[in-house]
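Let's take a walk through this protein, one piece at a time. Have the sequence and the 3D view open as you read.

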Amino acid sequence: MATTRAGARDLVRRVLDDGSWTSWDAEPLQVAEPGSPYAADLAAARERSGCDEAVITGEGLLRGRRVACVVSEFAFLAGSIGLATADRIVAAIERATAGRLPLLAAPSSGGTRMQEGTAAFAQMARITAAVTRHRAAGLPYLVYLRHPTTGGVFASWGSLGHVTAAEPGALIGFLGPRVYEGLHGEPFPPGVQVAENLAAKGLLDAVVGMDDLPGIAADVLDVLGTRPLTDPELIADGPADPAPTSAWDSIERSRKPGRPGVRELLRHGATRVTPLSGTGQGEADPGLLLALARFGSVPCVLVGQDRRSQRTGHPLGPAGLRVARRGMSLAAELGLPLVTVVDTPGAVLSAEAEEGGLAGEIARCLADMLTLAARTVCLLLGEGTGGAALALLPADRVLAARHAWLSPLPPEGASVIVHRTPDRAPEMAEAQGVRSSDLLRDGIVDELVDERPDAADEPEAFCRRAAAALEHALLTAPSADPAARQARYRDLGRRPGPA
């Protein structure tokens, strides 16, 4: 567990630019009867904490960008939420929404203020409604969970962030361990309600020290708070005219261990990269990478299949597709374009995947991609096998690396079905039209990104070339129009091929 607990003012001092803080706090509503034990508790809390309530609110500059803040003070009655606390939080959220400011919430709380009972408990719904309106306005909502955050705070405004990080070692959970032990007569299992465990389970995006928070939050806001340009003058490095290669040659090249994948694309071709973790609902999948990033001038949400993880024991499963759908929702809600990166030897084949709804998640990804109210670009980066590849394909603009390919099965599997042996895989790949030039001819792909002669031979140069092509596609793709996107796929395969 965390051994130190920073107060609200200390967090503001360490996270915001020097001298930029402006308080929004008015004198809190008086809810305790004069002379009552609760009035004495409030007076003692004010004396102990130096604050007049369990939160402070206001605005400041975070690396030069205006942000609104709601910060808990645990020293004031364990950061608990009463009527006056909720008034202050809701007023701050509504002011941030009206001013179109991003909002940073930093809770540290034991939950509802027991002295005010059910009326205070119901305030969690009121705060949630304010956060929901803020998000519906397309404004970023970042959450930094501090030690400890439990109860109704974690179960309401503490769990609604577009991006959610936590303090190292922080106790975070729905039920406080002291309450659990008092009710059940035994300690809560150790190691569960710890920030690092929740991050590993896909409930948090990151575990971040307070002094690292400003840089990370600034990178996130640089993506979430900026809209793409609309009148670009960008010329992507177009493909050369290489000698034709066979489908099987491309497949073999795409399987090389040294071929760059989505991680290398982000490392060499993108900026302001902020990895996100899991679904936010208790699932994660190493085979699927979710991030906020910039390609050149354009911010985006990126959903990419990670070739390295899939080939080292983590094939893509239904949880990975649910992570992808989180990315799609983020893009739509924040008005950002979505980039999907397809690079998969195929989804996991297991009883657990079947029972986990793999087929249904593929279908829901397809439906979300086709109806998404965001500009979308897909990059077919390497292998494109089966339903896992198809799930991220239907975009406004589709790019493909020269040696990328798309097939309903691995060619070896197709050969087994048709010829009862895997040995005729090269013949099947050629016949099925899986290579990038075939996809371009058939209208499945709009543009090729060249490899010179092979991405594995020039990983950095290739990734920069692919990133430039993505930026160009994001800037020139049609505005989000689900009807036009669906029309594209309505006619797919019906166009006559070249004479």
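## Two helices side by side

Which residues in H3 meet which residues in H5? On the H3 side they are Leu83, Ala86, Asp87, Ile89, Val90, Ile93, Glu94, Ala96 and Thr97, and on the H5 side Gln123, Arg126, Ile127, Ala130, Val131, Arg133 and His134. Contact here means heavy atoms within 4.5 Å. Sorted by class, this contact has 9 nonpolar, 3 polar and 4 charged residues. (Ala, Val, Leu, Ile, Met, Phe, Trp, Tyr, Cys and Pro count as nonpolar, Asp, Glu, Lys and Arg as charged, and the others, Gly among them, as polar.)

Before going on, note that this is a predicted model, where local features need pLDDT of at least 70 and side-chain atom pairs count only at pLDDT 80 or more, while totals for chains, interfaces and linings use all residues. Residues are numbered from 1 along each chain as its sequence is written, and side-chain values use heavy atoms, with hydrogens and water left out.

The axes of H3 (residues 83–98) and H5 (residues 123–136) come within 9 Å and cross at roughly 5 degrees. H3 and H5 are therefore roughly parallel to each other. (Angles under 35 degrees count as roughly parallel, over 145 as roughly antiparallel, 65 to 115 as roughly perpendicular and the rest as oblique. Axes are lines fitted to C-alpha atoms, for helices over the stretch in contact, and angles run from 0 to 180 degrees between N-to-C directions. Helices, H or I with at least four residues, and strands, E with at least two, are DSSP runs numbered from the N terminus.)

## The sheet

Now for the strands. Seen in order, S1-S2-S3-S4-S5-S7-S9 make an open sheet of 7 strands with mixed pairing. (Two strands pair if DSSP finds at least two bridges between them.) S1 (22–23) and S9 (206–207) sit at the edges with a single partner strand each, so one side of each has no neighbour in the sheet.

Look at S5 (residues 141–145) and S7 (residues 163–166): they pair in the parallel sense over 4 bridges. Tyrosine 144 has alanine 165 in S7 as its bridge partner. H3 packs on the sheet too, touching S2 (55–62), S3 (65–72) and S4 (103–106). Helix H9 (residues 213–224) lies across S2, S3, S5 and S7, and runs at about 160 degrees to S5.

What lies in the largest pocket? About 710 Å³ of space. Of its 28 lining residues, the closest to the centre are Gly110, Gly111, Thr112, Thr150 and Val179. H7 gives the most to this lining, with 3 residues. By class, the lining divides into 13 nonpolar, 12 polar and 3 charged residues. (On a 1 Å grid over the protein atoms alone, a cavity is a set of points where a 1.4 Å probe fits but cannot get out, and a pocket is an open set with protein on both sides within 12 Å along at least five of seven lines; lining residues have an atom within 4 Å of a point.)

The second largest pocket holds about 570 Å³, and H13 gives the largest share of its lining, 6 residues.

## Cavities

There are 2 cavities of 30 Å³ or more.

Methods. Grid points are joined across faces, edges and corners, and a volume is the space filled by probe spheres set on the points.
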